[in-house]
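Hi everyone, thanks for coming.

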Amino acid sequence: MTDVRIIMGSASDVEIAKKVTSILKDFDIDYQVSVISAHRALDLLEETIKKDDCSVYIGIAGMAAHLAGVMAGMTIKPVIGVPVGGSNTAGLDALLSMVQMPKGVPVATVAINGGNNAALLAIQILALKDEELASRLKAYKKEMLEKVLADDKNLGEI
C-alpha cells in the first residue's frame, strides 16, 4: 500500500508536486504521482480513489481547483489540498475552491503553492501510527529551530 497518493489536475502542476515529493523522499515515504483532472477525467479519478491504495491523498490544482474536494467526496481518508497560483487571481480562486468545502467534506488546505507543507502535513498524519517516523519528524523540526537560532546569532548589527 502506498503511503501518499499525489494527484495533480494537470501536468502544469508538476513543479508543486516536486516540492511534495522532495520532502517525502527525504523521509523515505512511499508515494505515487498522477495527473487526473476532476473535470476532464472524472471516471478515472473515481476508479483511482476506489482502489483505496494509500493512507493520505494530496490534491494539487489551480483555477477552479475542485480536484481535492471531489477526491474528499469519494473517500474517508485525509485529503490535503494544494491550491496553485498563476491564474488571473494569483491562486486566490484555487484557495477559495479548496477551503470553502461543504459541511461533512473536509479538505485540509495549505498555502497557495505550499507543496512543502502538504508533504509535512501528510508525514504528520502518517507519524500518528509510526513512532520511528514521528521521531524523524521531531528531529527535522529541531533542525529548523537550530537554523533559526544560527541565523539569529549570525545576524550581526543592522
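Predicted model: local features only at pLDDT ≥ 70, side-chain atom pairs only at ≥ 80, totals over all residues.

Let's begin with Ser34. You'll find Ser34 in strand S2, which covers residues 31–35. Is Ser34 buried or exposed? Its relative accessible area is 17%, and buried means under 20%, so Ser34 counts as buried. Which residues does Ser34 touch, leaving aside those up to four places away in sequence? They are Arg5, Ile6, Ile7 and Met8. With Arg5 there is also a polar contact between the side chains, at 2.8 Å.

Now for the helices. Find H1, residues 14–26, and H5, residues 115–127. Their axes come within 7 Å and cross at roughly 40°. That angle is why we call H1 and H5 oblique to each other. The crossing of H1 past H5 is right-handed. On the H1 side, the contact is made by Ile16, Lys19, Val20, Ile23 and Leu24. H5 brings Gly115, Asn116, Ala118, Ala119, Leu120 and Ile123. And what kinds of residues make up this contact of H1 with H5? Eight are nonpolar, two are polar and one is charged.

Last stop: Val105. This residue sits in the loop between helix H4 (92–99) and strand S5 (108–109). Not counting residues up to four places away in sequence, Val105 touches Gly69, Ala72 and Gly73.

Notes
Residues numbered from 1 in each chain as written. Heavy atoms only, no water. Helix = DSSP H or I, 4+ residues; strand = E, 2+ residues; numbered from the N terminus. Buried < 20%, exposed > 50% of the residue type's maximum accessible area, 1.4 Å probe, protein only. Polar contact = N/O pair within 3.5 Å; in protein donor to acceptor, adjacent residues only side chain to side chain. Contact = heavy atoms within 4.5 Å. Axes fitted to C-alpha atoms, helices over the stretch in contact; angles between N-to-C directions. Parallel < 35°, antiparallel > 145°, perpendicular 65-115°, else oblique. Left-handed = near helix turned anticlockwise from the far one by under 90°. Nonpolar A, V, L, I, M, F, W, Y, C, P; charged D, E, K, R; others polar.
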